[in-house]
Amino acid sequence: MYKLYVNMENKKVKNIRNERLAELLVKRLKRRHYDAYFCHDAGEVLDKLKALIPENSTVTWGGSDTIRSLGVTDMLKAGNYEVYDRDDVTTTEDKLRVYRKAFECDFYLSSVNAISEDGVIVNIDGNGNRVAAITWGPKHVILIIGLNKVCQDTDAALKRARSTAAPVNMSRFDFETLCQKDGVCHNCLSPDSICNYISIQRMSHPAGRHIVILVDQELGY
């Protein structure tokens with residue numbers, strides 16, 4: 001009984017901290033011209049997306065464990081949207097067409113590799129299609145971010161992207177890099193590296209183009 005009580009208390013105080021952090025971060029993101037929201041769970045995220053994305057919109061997304069684990073992709077494909085999913089095609093050329101189509105879409109969805117407490121977003125990419133679409137092209141970009149990706153400052157966010165997110169993502173692929181072997185970033189120059197394009201985003205431009213949804217869960221890598 002005592003252990004159960006302690007676990008409940010730990011969860012409660014963690015939720016309080018997360019709500020306070022999210023409230024502060026929403027304010028700081030809005031100062032940087034983002035639209036920003038806080039959701040407690042997957043159900044709230046899906047409801048928020050339904051409110052944000054009008055029916056018949058064209059939608060696609062970047063590679064993201066976060067949006068898949070929340071059920072976002074399933075919701076969009078089951079809804080009244082025109083969806084472009086690179087996983088539905090098999091050839092390299094068809095995948096490239098989906099990548100390029102992203103620049104014309106009404107909404108592009110992704111997560112991020114890290115975000116600082118003052119609202120600076122850090123992403124790292126192998127091919128560059130994700131950071132390119134986040135930076136320019138789609139009419140709206142929705143970034144869904146678990147609070148586990150919040151870092152103290154930009155330097156810490158960059159370190160998280162390089163030393164945590166990249167090695168974990170690398171382990172999903174059958175590539176020959178040092179980080180795949182030992183889980184540590186070596187700042188390598190391997191042709192298989194997925195640390196080729198690093199984006200540090202200070203603000204949303206034009207104002208409101210980027211929408212951030214913070215989620216009180218550990219999501220993605």
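The exercises below, each with a worked solution, concern a predicted model.

**Exercise 1.** Determine the strand order of the open sheet and identify which strands stand at its edges.

Solution.
- The open sheet has 6 strands with parallel pairing, in the order β1-β10-β7-β4-β2-β3.
- β1 (35-39) and β3 (82-84) each have a single partner strand, so they stand at the edges and one side of each is left without a neighbour in the sheet.
- On average, neighbouring strands of this sheet are turned by 20 degrees against each other, direction ignored.

**Exercise 2.** Describe how β4 is joined to β7.

Solution.
- β4 covers residues 107-110 and β7 covers residues 140-146; the two run parallel and are joined by 4 bridges.
- Within this pairing, Ser 110 stands opposite Leu 143 in β7.

**Exercise 3.** Find the cavities of 30 Å³ or more and characterise the lining of the largest cavity.

Solution.
- Searching the whole structure gives 2 such cavities.
- The largest cavity holds about 100 Å³ of space.
- Its lining comprises 13 residues, of which Cys 179, Cys 185, Cys 188, Ser 193 and Cys 195 are the closest to the centre.
- Both α7 (154-170) and α8 (178-182) supply at least two lining residues; α7 gives the most, with 4 residues.
- Sorted by class, this lining has 9 nonpolar, 3 polar and 1 charged residues.

**Exercise 4.** Give the volume of the second largest cavity and the elements that line it.

Solution.
- The volume is about 50 Å³.
- Residues lining the second largest cavity include Trp 61, Arg 86, Tyr 99 and Asn 129.
- β2 (58-61), α5 (92-101) and α6 (129-135) are the elements that give two or more residues to this lining.
- The class counts for the second largest cavity are 6 nonpolar, 2 polar and 1 charged.

Notes:
Residues are numbered from 1 along each chain as its sequence is written. This is a predicted model: local features need pLDDT of at least 70, side-chain atom pairs count only at pLDDT 80 or more; totals for chains, interfaces and linings use all residues. Side-chain values use heavy atoms; hydrogens and water are left out. Two strands pair if DSSP finds at least two bridges between them. Axes are lines fitted to C-alpha atoms, for helices over the stretch in contact, and angles run from 0 to 180 degrees between N-to-C directions. On a 1 Å grid over the protein atoms alone, a cavity is a set of points where a 1.4 Å probe fits but cannot get out, and a pocket is an open set with protein on both sides within 12 Å along at least five of seven lines; lining residues have an atom within 4 Å of a point. Grid points are joined across faces, edges and corners, and a volume is the space filled by probe spheres set on the points. Ala, Val, Leu, Ile, Met, Phe, Trp, Tyr, Cys and Pro count as nonpolar, Asp, Glu, Lys and Arg as charged, and the others, Gly among them, as polar.
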